[in-house]
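Work through the exercises below with the model open beside you. Try each task before you read its solution.

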Amino acid sequence: MIRNGQTISGSRVLIMGLTFKENCPDLRNTKVVDLIKELGEFGCQVDVTDSWANNEDRGRI
C-alpha cells in the first residue's frame with residue numbers, strides 16, 4: 001500500500017483468520033497478533049474474524 005502511494009493511517013483492515021492451524025481453535029503460535037499490532041501502529045483500524053477461535057481467547061487480543 002505504501003509503495004502504491006495509498007494512505008495507511010485511518011485505513012480499515014479486515015483480517016479473516018486468527019487461528020494457527022486449520023480447523024482448530026488454537027491461538028498459541030499465531031503470528032496474526034503481531035500483524036494486528038503492527039497495523040495498529042500504522043494507524044489502521046483492524047477488525048478480526050475467525051469462527052474457529054475460542055471466544056475467551058479472542059478477548060485477549
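**Exercise 1. Find how E1 and E2 pair, and how the chain gets from one to the other.**

Solution. This is a predicted model. Start with the two strands. E1 and E2 run parallel and pair over five bridges. Now pick one bridge. Leucine 14 has aspartate 47 of E2 as its bridge partner.

**Exercise 2. Decide which residues of H1 are buried, and where they lie on the helix.**

Solution. Step one: list the residues under 20% relative accessible area, the cut-off for buried. In H1 these are Val32, Val33, Ile36 and Leu39. Step two: look down the axis of H1. The buried residues fall within an arc of 125°, so they line one face of the helix. Step three: turn to the face directed away from that buried side. Lys37 and Glu41 are exposed there. Step four: see what the buried residues meet. They pack against strand E1 (12-16) and strand E2 (45-49).

**Exercise 3. Follow the chain past H1 and describe cysteine 44.**

Solution. After H1 comes glycine 43, with a positive phi near 90°. Cysteine 44 sits in the loop between H1 and E2. Is cysteine 44 buried or exposed? Its relative accessible area is 11%. The cut-off for buried is under 20%, so cysteine 44 counts as buried. Now list its contacts, leaving out residues up to four places away in sequence: Ile8, Ser11, Val13 and Leu39. Take Val13 from that list. Valine 13 and cysteine 44 are 31 residues apart along the chain, and their C-alpha atoms are separated by 6.8 Å.

**Exercise 4. Describe the surroundings of valine 46.**

Solution. Valine 46 belongs to strand E2. Its relative accessible area is 21%, and it is partly exposed. Beyond its neighbours within four places in sequence, valine 46 contacts Val13, Ile15, Ile36, Leu39 and Gly40. Finally, compare sequence and space for valine 46 and serine 11. They are 35 residues apart in sequence, and 8.4 Å apart from C-alpha to C-alpha.

Definitions and conventions:
Residues are numbered from 1 along each chain as its sequence is written. This is a predicted model: local features need pLDDT of at least 70, side-chain atom pairs count only at pLDDT 80 or more; totals for chains, interfaces and linings use all residues. Side-chain values use heavy atoms; hydrogens and water are left out. Contact means heavy atoms within 4.5 Å. Buried means under 20% relative accessible area, exposed over 50%, partly exposed in between (1.4 Å probe, protein chains only). Helices (H or I, at least four residues) and strands (E, at least two) are DSSP runs, numbered from the N terminus. The arc is that of the directions from the helix axis to the C-beta atoms. Two strands pair if DSSP finds at least two bridges between them. A crossover is right-handed if, with the strands pointing away from the viewer, the path from the first strand over the helix to the second runs clockwise.
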